[in-house]
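This report describes the fold, the helices and selected residues of the structure shown below.

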Amino acid sequence: MSSPNVDGIAGWAINLMETLGAPGAGLAIALENLFPPLPSEVILPLAGFTASKGDMGLFDAVLWTTIGSVVGALALYAVGALLGRERVVFIASKLPLVSVSDIEKTEAWFARHGRKTVFFGRMIPIFRSLISIPAGVERMPVMIFTLLTTLGSLIWNTAFVMAGYLLGEQWDLVERYMGVVSKAVLAIVILAVVVFIVVRLSDRRKGKHHA
């Protein structure tokens, strides 16, 4: 069974896996965490497809992609920890339409739901990467963060690697359907930002009116 004739991100990922084997799949997923435009919905099924050709073991594909997920998440956690609350508050105070109270509300919400957010966030496109930064800012215990990230990533990675393994040369069906989900998540994020801006501008107008 030959490699699919693809270019772009898929071609890059295939070359990486064929050169380095399962560790190459782990490296690709670690980079996907750091650079969300690299979609795991492409890389993971490709790892499964590569395993189906016998170029790497299925267990190795799941193991190394999960290691890559954890390494990438810990790197972003470190960014959040180095950034710290004071810098986040300072940056927020300089941004239009954002106030310190927004940060305080986010902190309170993360204190209540942070563990669930880290675990389930590993299985949501886009948030897979972003959730690691507030976890670092809030200094979630690193062992708990690592455990939750490992478990969530293991579930996500296993599902997509297995899908690519079973679909074989039709691995791209996974990316095709998950692309719709990713676009839906992105649309929800954009809508939430728009609603936030509208509400904040409305509040400011009311404040000026009362003044």
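Helix α3 covers residues 40–52, and its 13 residues should span 18 Å at 1.5 Å a residue; the end C-alpha atoms are 18 Å apart, which agrees. The expected span is 1.5 Å times one less than the number of residues in the helix. Helices (H or I, at least four residues) and strands (E, at least two) are DSSP runs, numbered from the N terminus.

The model is predicted: local features need pLDDT of at least 70 and side-chain atom pairs count only at pLDDT 80 or more, whereas totals for chains, interfaces and linings use all residues. Residues are numbered from 1 along each chain as its sequence is written, and side-chain values use heavy atoms, with hydrogens and water left out.

**Burial of α3.** Twelve of the 13 residues of α3 are buried, so this helix is largely enclosed by the rest of the structure. Among them are Glu41, Pro45, Gly48 and Phe49. Here, buried means under 20% relative accessible area, exposed over 50%, and partly exposed in between (1.4 Å probe, protein chains only). Just after α3, glycine 54 has a positive phi of about 90 degrees.

**The chain as a whole.** The protein chain has nine helices and zero strands. Of its 211 residues, 41% are buried. Contact means heavy atoms within 4.5 Å; of the contacts with a separation of 6 or more, 76% join residues 24 or more positions apart. The chain exposes about 11600 Å², of which carbon and sulfur atoms supply 70%. Accessible areas come from the Shrake-Rupley method with a 1.4 Å probe; for residues, only the protein chains shown count as cover.

**Helices α4 and α8.** Helix α8 runs over residues 142–167; its 26 residues should span 38 Å at 1.5 Å a residue, and its end C-alpha atoms are 37 Å apart, which agrees. The buried residues of α8 include Phe145, Ser153, Trp156 and Asn157. Threonine 66 is placed in helix α4 (residues 58–94). Leaving aside residues up to four places away in sequence, threonine 66 touches Thr150, Ser153, Leu154 and Asn157.

Rings of Phe, Tyr and Trp (its six-membered ring) pair if their centres lie within 6.5 Å; planes under 30 degrees apart count as stacked, over 60 as edge-to-face and the rest as tilted. By this rule there are three aromatic pairs. In one of these, the ring centres of tyrosine 77 and phenylalanine 145 are 4.8 Å apart and the planes are at 35 degrees, so the pair is tilted. Tyrosine 77 lies in α4 and phenylalanine 145 in α8, so the pair ties together parts that are 68 residues apart in sequence.

| Residue | Relative accessible area | Class |
|---|---|---|
| Threonine 66 | 8% | buried |
| Tyrosine 77 | 10% | buried |
| Phenylalanine 145 | 1% | buried |
| Valine 71 | 48% | partly exposed |
| Arginine 139 | 54% | exposed |

**Loop and backbone.** Arginine 139 sits in the loop between α7 (132–137) and α8. Its phi is near 55 degrees, a positive value in a residue other than glycine. Most residues other than glycine have a negative phi. Just after α8, glycine 168 also takes a positive phi, of about 60 degrees.
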